[in-house]
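I opened this notebook to record a set of look-ups in one structure. The entries are grouped by topic.

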Protein chains: 2
Amino acid sequence: MNAEELSGQLAAIASTQRLGIIAHLVGEPLHVSELARRMEMSRALLYMHLAKLEAAGFVTGHLELSDDGKALKFFQAVPFELSITPAVIAAAVNNEEGTNG
Amino acid sequence: MNAEELSGQLAAIASTQRLGIIAHLVGEPLHVSELARRMEMSRALLYMHLAKLEAAGFVTGHLELSDDGKALKFFQAVPFELSITPAVIAAAVNNEEGTNG
DNA sequence: TACATGTGTTAGTATTTGCTGACAGGTGCA
DNA sequence: TGCACCTGTCAGCAAATACTAACACATGTA
């Protein structure tokens with residue numbers, strides 16, 4: 001873990017919208033349109049947020065075929081634990097590996 | 001801890017520059033001009049970053065009088081531990097208090 | 001055919017954030 | 001007086017991010 005990776009992870013969840021997305025996907029996978037309705041958010045915007053979350057590894061998506069033959073893109077939250085302390089930050093900035101996860 | 005507070009905390013450290021500032025201030029308080037030199041950053045910019053970090057509680061600053069009578073603004077890192085998991089996020093989004101620190 | 005549902009992408013705009021340069025003011029010292 | 005330090009703030013520009021509206025295309029159903 002270096003400083004860029006760490007700040008990338010943090011930036012991915014440093015948003016109330018994206019925290020809301022993760023909260024919605026904890027324990028209950030949802031497809032994009034359904035999630036967009038629940039979050040009262042446009043699909044285009046939701047795709048942008050999901051892309052950032054998926055790139056950082058906080059959610060994962062997969063296509064699923066519904067009973068009536070429609071392709072649904074389901075997303076779910078990925079289990080993780082991020083523990084941040086001053087020491088963890090100092091280690092990351094000094095580019096040391098294997099310090100946190 | 002609600003979603004806004006949590007995302008605020010995360011946003012405050014979701015920056016390689018600000019991670020670098022914290023790393024510099026771990027175990028060694030520095031005054032602004034000295035820190036600006038070590039980070040190779042303008043003071044104006046550093047003030048902006050320090051303001052965000054201080055508002056979020058990651059660093060704390062105080063004026064100190066040097067031997068030769070100059071006022072120096074020292075900053076130091078505040079000890080903390082932020083533990084982020086999907087459950088913590090869900091709790092924050094649902095506005096529950098007392099779940100994480 | 002037409003409508004409701006879904007995925008996925010793009011162009012363009014609005015808002016926020018990061019950053020620079022310049023300023024005003026203070027102390028100590030030669 | 002002038003120089004070398006320091007704190008603190010502001011206007012303005014640059015770049016990144018968030019967001020909207022619109023498009024193309026697919027399936028099932030009336």
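**Conventions**

I worked on a predicted model, in which local features need pLDDT of at least 70, side-chain atom pairs count only at pLDDT 80 or more, and totals for chains, interfaces and linings use all residues. Residues are numbered from 1 along each chain as its sequence is written, chains are lettered from A and ligands numbered from 1 in the order in which they are written, and side-chain values use heavy atoms, with hydrogens and water left out.

**Relation of the two chains**

I noted first that two copies of a chain are related by a rotation about an axis and a shift along it.

**Surface at DNA strand D**

I counted a residue as near the strand if one of its heavy atoms lies within 4 Å of it. On that criterion 22 residues surround DNA strand D, and the closest are Lys52(A), Asp68(A), Ser33(B), Arg43(B) and Tyr47(B). Of the atoms of DNA strand D that come within 4 Å of the protein, 68% belong to sugar and phosphate.

I then listed polar contacts (a pair of N or O atoms within 3.5 Å; within protein, one must be able to donate a hydrogen and the other to accept it, and residues adjacent in sequence count only if both atoms are side-chain atoms). Arg18(A) places a polar side-chain atom 3.3 Å from a phosphate oxygen of DNA strand D.

For secondary structure I used DSSP runs numbered from the N terminus: helices are H or I of at least four residues, strands are E of at least two. The elements giving two or more residues to this surface are helix 2 (16–25) and helix 4 (43–55) of chain A, with helix 3 (32–39), helix 4 (43–55) and strand 3 (71–77) of chain B. Helix 4 of chain A gives the most, namely five residues.

**Salt bridges**

I searched for a side-chain nitrogen of Lys or Arg within 4 Å of a carboxyl oxygen of Asp or Glu. The whole structure holds eight salt bridges over all chains. In one of them, Arg38(A) meets Glu28(A) at 3.4 Å, N to O. Arg38(A) lies in helix 3 (residues 32–39) and Glu28(A) in the loop between helix 2 and strand 1 (30–31) of chain A, so the pair ties together parts 10 residues apart in sequence.

Arg38(A) also pairs with Glu34(A), with the closest N and O atoms 2.9 Å apart. Both of these residues lie in helix 3 of chain A, four residues apart, about one turn of the helix. Through shared partners, salt bridges join Glu28(A), Glu34(A), Arg37(A) and Arg38(A) into one network.

**Burial**

I used relative accessible area with a 1.4 Å probe and protein chains only: buried is under 20%, exposed over 50%, partly exposed in between. Arg38(A) is partly exposed at 40%, and Glu28(A) is partly exposed at 35%.

In helix 5 (residues 86–93) of chain A, six of the eight residues are buried. They are Pro86(A), Val88(A), Ile89(A), Ala90(A), Ala91(A) and Ala92(A). Their cover includes helix 1 (3–13) and strand 4 (82–84) of chain A together with helix 2 (16–25) of chain B.

**Backbone angles**

I noted that most residues other than glycine have a negative phi. Glu40(A) has a positive phi of about 55°; this residue sits in the loop between helix 3 and helix 4 of chain A and is exposed, at 76%. Glu40(B) has a positive phi near 55° and is exposed, at 75%.

Methods
Contact = heavy atoms within 4.5 Å.
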